[in-house]
Amino acid sequence: MSTADELKKYKELLDQGVLTQTEFDQKKRELLGAQPISTKPSQPAKPKKKGAGKKILLVLLALVVAAAAVLGIRAWGRHTREQKRIAAVDEKVGPILAAYGLNDYEIFDVGVFTEIRCPAFEEMSSGEQLVLLKELNDLDDIPDPVEEDREIELDANHIYVDKSSAYYYYISESTYNTRKTMRDVMGYSNVNVEVPGLYLAGVLLLSD
């Protein structure tokens with residue numbers, strides 16, 4: 001029997017009330033090659049595997065480790081450059097400090113100022129302190145061992161007595177004249193014009 005004949009037979013059964021419309025539609029789908037309508041409840045979707053989430057976490061962890069490594073390398077590079085500059089300054093100021101019996105000292109910063117920590121400095125007379133700081137102040141600038149065409153200035157030396165003490169500095173004649181010009185000629189009213197000499201800046205709290 002052909003498909004058309006079977007459909008005709010089922011249509012007659014539908015018209016006679018033997019088959020319901022749902023039963024007729026299902027037979028029609030079966031004959032036309034469609035899948036039968038499932039009467040089973042739909043199954044819940046299977047949970048996705050967690051492998052993708054773990055891969056994402058591993059990638060993020062790798063990025064964090066890489067970033068930390070880059071920051072560590074940069075910090076190490078900065079420390080290395082700073083140590084080279086400190087060594088260059090030490091080579092210049094060390095003999096002068098030794099001539100005053102100041103062998104226990106530490107150069108802990110080379111920037112706008114040359115900062116030296118020296119506990120025995122306070123034991124010197126104010127006259128000796130002034131002469132020493134003036135001598136350090138009069139040193140020629142040092143070629144920067146890290147950057148070409150750059151010099152480390154030594155015209156503003158600061159000596160700290162210890163890690164939590166006052167520091168002393170020297171004001172030269174040229175510094176006094178520069179500040180006076182800035183105030184009187186250029187109109188910078190906030191410039192502090194100090195006369196040449198030795199200055200005690202006051203107690204500071206310095207970090208280790």
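Some ground rules come before the tour. In this predicted model, local features need pLDDT of at least 70 and side-chain atom pairs count only at pLDDT 80 or more, while totals for chains, interfaces and linings use all residues. Residues are numbered from 1 along each chain as its sequence is written, and side-chain values use heavy atoms, with hydrogens and water left out.

Let us start with helix 4, residues 126–137. Helices (H or I, at least four residues) and strands (E, at least two) are DSSP runs, numbered from the N terminus. The expected span of a helix is 1.5 Å times one less than its number of residues. Gln-129, Leu-132, Leu-133, Leu-136 and Asn-137 of helix 4 are buried, where buried means under 20% relative accessible area, exposed over 50%, and partly exposed in between (1.4 Å probe, protein chains only). Viewed down the axis of helix 4, its buried residues fall within an arc of 135°, so they line one face of the helix; the arc is that of the directions from the helix axis to the C-beta atoms. An α-helix has 3.6 residues a turn, so residues three or four places apart point the same way.

A nonpolar core is a set of buried Ala, Val, Leu, Ile, Met, Phe, Trp, Tyr and Cys residues joined through side-chain atoms within 4.5 Å. The largest one has 24 residues, and those with the most contacts inside it are Val-89, Val-93, Phe-121, Leu-132, Leu-136 and Ile-159. Helix 3 (51–99), strand 1 (106–110), helix 4 and strand 6 (167–171) each supply at least two residues of this core, and helix 3 gives the most, with 6 residues. In soluble globular proteins, nonpolar side chains tend to be buried together.

Next comes His-158, which sits in strand 5 (residues 157–160). His-158 counts as buried because its relative accessibility is 6%. Neighbours within four places in sequence aside, His-158 is in contact with Phe-113, Thr-114, Glu-115, Ile-116, Tyr-167, Tyr-168 and Tyr-169.

The tyrosines in that list bring us to strand 6. Here 5 of the 5 residues are buried, so strand 6 is largely enclosed by the rest of the structure. Tyr-167, Tyr-169 and Ile-171 point one way from strand 6, and Tyr-168 and Tyr-170 point the other way. In a regular strand the side chains alternate between the two faces of the sheet. Strand 6 pairs with strand 5 in the antiparallel sense over 3 bridges, and two strands pair if DSSP finds at least two bridges between them. Tyr-167 in strand 6 is the bridge partner of Tyr-160. Strand 6 is also joined to strand 7 by 4 bridges, again antiparallel, with Gly-197 in strand 7 as the bridge partner of Ile-171.

Now for the charges. A salt bridge is a side-chain nitrogen of Lys or Arg within 4 Å of a carboxyl oxygen of Asp or Glu, and the whole structure holds 8 of them. In one, Glu-106 meets Arg-117 at 3.0 Å, N to O. This pair links distant parts of the chain, with Glu-106 in strand 1 and Arg-117 in strand 2 (residues 114–117), 11 residues apart. Glu-106 is partly exposed, at 39%, whereas Arg-117 is buried, at 10%. Another salt bridge joins Arg-179 and Glu-194 at 2.8 Å, N to O. Arg-179 is partly exposed, at 25%, and Glu-194 is buried, at 12%.

One last stop is Asp-149, in the loop between strand 3 (142–143) and strand 4 (151–152). Asp-149 has a positive phi of about 60° although it is not a glycine. Asp-149 is exposed, with a relative accessible area of 85%.

Conventions
Contact means heavy atoms within 4.5 Å.
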